[in-house]
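Dear colleague,

Please find the structure below, followed by a short account of what was found in it.

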Amino acid sequence: MSEFDGAAFVRFLRTFADRIHERRDELTQLDSAIGDADHGINMDRGFSAVRAKLDGLDATDLGAMAKAVGMTLISTVGGASGPLYGTFFLRLATAFGDTQAADAQGLGTALRAGLEGVVQRGKAALDDKTMVDALVPAVDAYEAAAGDGISAALEAAATAAAVGRDRITPLVARKGRASYLGERAAGHQDPGATSTTILFESLRDAVAGS
Amino acid sequence: MKKLINAPDAVVDEALAGMVAAHGDLLRVIEPNVVVRADAPRQGKVGIISGGGSGHEPMHGGFVGMGMLDAACPGAVFTSPVPDQMLAATKAVDGGAGVLHIVKNYTGDIMNFELAAELAQAEGIKVASVVIADDVAVQDSLYTAGRRGVGGTVLAEKVVGAAAEEGQDLAAVTALCQRVQDNVRSMGMALTSCTVPAAGKPTFEIGDDEMEVGVGIHGEPGRERRKLAGADEITEALLTPILDDLPFSSGDRVLAFVNGMGGTPLIELYVVYNKVAQLCAARGLTIERNLIGSYITSLEMAGCSITILKLDDEMTRLWDAPVNTPALRWGA
């Protein structure tokens with residue numbers, strides 16, 4: 001695939017919504033250990049709302065689609081994940097503008113903008129043990145591989161997200177509710193980094209499955 | 001899971017409908033799930049709103065009414081409400097004098113209230129915010145999300161609500177709310193976990209001879225797990241870090257608040273209060289006012305929290321002022 005178009009975007013959103021639903025209990029279980037036991041429940045509520053809106057979206061306008069997704073997440077997810085994932089998609093929307101399809105470069109620019117939005121909203125840095133620890137390596141890896149095309153870049157991004165997710169498991173959290181636990185958070189896989197990894201795996205598979 | 005519910009997804013909506021059925025003289029519920037004081041907006045009065053996840057009842061919806069909150073935004077259980085709710089609440093209670101958001105310090109609450117405040121300000125409503133962060137169990141440092149907002153929130157809502165009721169302006173009630181925050185400290189413990197309805201099983205496992213010390217109000221594990229002790233020893237373990245932190249010193253007049261987490265009977269809270277009174281007296285503190293009961297809970301968790309507020313004359317006067325809400329009522 002040389003371009004990321006509306007059809008790919010819809011496939012990605014459906015895949016991501018399905019996987020969040022399938023892994024809802026796993027995400028909630030991870031959150032029970034170091035948070036407040038709602039990450040899977042909240043993400044599933046938000047992406048079920050997104051899925052319900054997909055048929056009504058104009059698939060020729062990437063920016064409008066991303067904006068609708070972002071607004072839906074902000075209005076339905078709650079917690080920290082709502083503003084963070086919502087902001088991610090709103091920044092994608094701004095970066096996409098009214099384009100119908102993004103090339104490898106364009107998708108990379110959008111993902112970078114999404115990452116910057118998440119960092120601004122949540123004020124988390126690398127090693128704070130949050131979704132940022134999966135997001136940063138994923139976007140870095142995407143950009144490094146963008147010259148090889150979208151599929152190769154997303155493959156690299158998904159792999160890097162998973163590596164980032166696992167890398168921070170031994171760490172003590174410095175942001176979010178897990179930070180209240182001090183040393184007790186060490187050794188637990190981070191729920192936010194896990195859902196972000198699922199996002200990049202869904203993006204990779206939606207594009208590969210075209 | 002054994003709960004008095006019909007379906008996990010319906011708990012919040014059905015509880016809100018029940019509140020309206022019971023307290024229609026005090027409050028109403030507007031879309032999207034905002035509890036609003038029956039006579040809001042009141043012209044010229046600063047609107048006071050708060051919000052947070054559900055599961056902490058009576059906080060915050062039970063504090064909507066004369067002399068306390070103008071609106072409360074309940075999220076899903078233990079989940080921050082969404083900005084649409086705080087925006088709708090802000091618009092519903094603005095009587096032209098501006099609106100104060102009382103926000104408990106949790107990552108999600110902060111972000112959702114911030115988004116709502118930006119949207120309300122874009123619509124021309126003056127919004128101020130104060131963050132309550134009173135839990136001494138969390139180290140306040142660059143390396144955490146900062147102290148949680150817990151029991152001090154209840155006291156802030158009462159005192160600030162009274163100030164708004166008597167006509168103080170937005171700058172004054174904001175400064176007062178910050179003064180309450182600066183003078184209040186809390187700490188909590190759990191004997192049992194709680195079960196989030198949608199999760200269906202207890203958030204953590206705990207042995208019959210264990211307790212979690214330094215818990216928040218979301219069934220999240222505490223700072224440390226210890227061997228169960230008697231009420232006096234537990235009370236001392238909670239109160240000492242509170243008194244050392246501010247620090248409270250001999251001669252201070254305080255409000256002592258012993259709060260149940262949802263599954264602890266009042267008789268046990270009085271056992272705790274007995275020790276709180278002894279320890280405060282030993283430190284030379286005068287307990288000028290007190291509050292004992294389950295006001296900021298964590299579903300059916302057994303356990304308690306202790307909150308101590310250093311009073312000044314104005315705070316004491318505002319604490320005594322009339323209040324008429326589902327959960328707190330005196331002088332009205």
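The buried residues of H4(A) are covered by elements that include helix H1 (6-22), H3, H5 and strand S2 (101-102) of chain A, together with helix H2 (83-93) and helix H3 (107-122) of chain B. Helices (H or I, at least four residues) and strands (E, at least two) are DSSP runs, numbered from the N terminus. Those buried residues are A:Leu62, A:Met65, A:Ala66, A:Val69, A:Gly70, A:Thr72, A:Leu73, A:Ile74 and A:Thr76. A residue is buried if 20 or more other C-beta atoms lie within 10 Å of its own, exposed if 12 or fewer, and partly exposed in between, with C-beta atoms placed from the backbone.

This is a predicted model: local features need pLDDT of at least 70, side-chain atom pairs count only at pLDDT 80 or more, and totals for chains, interfaces and linings use all residues. Residues are numbered from 1 along each chain as its sequence is written, and chains are lettered from A and ligands numbered from 1 in the order in which they are written.

Just after H4(A), A:Gly78 adopts a positive phi of about 75 degrees.

As to the interface, 26 residues of chain A are in contact with 31 residues of chain B (C-beta atoms, placed from the backbone, within 7 Å). H4(A) gives the most to the side of chain A that touches chain B, with three residues.

Chain B has eight helices and 14 strands. Its C-alpha atoms fill a box of roughly 55 × 50 × 40 Å, taken along the principal axes. Of the 332 residues of chain B, 57% count as buried.

With kind regards

Terms used:
Contact = placed C-beta atoms within 7 Å.
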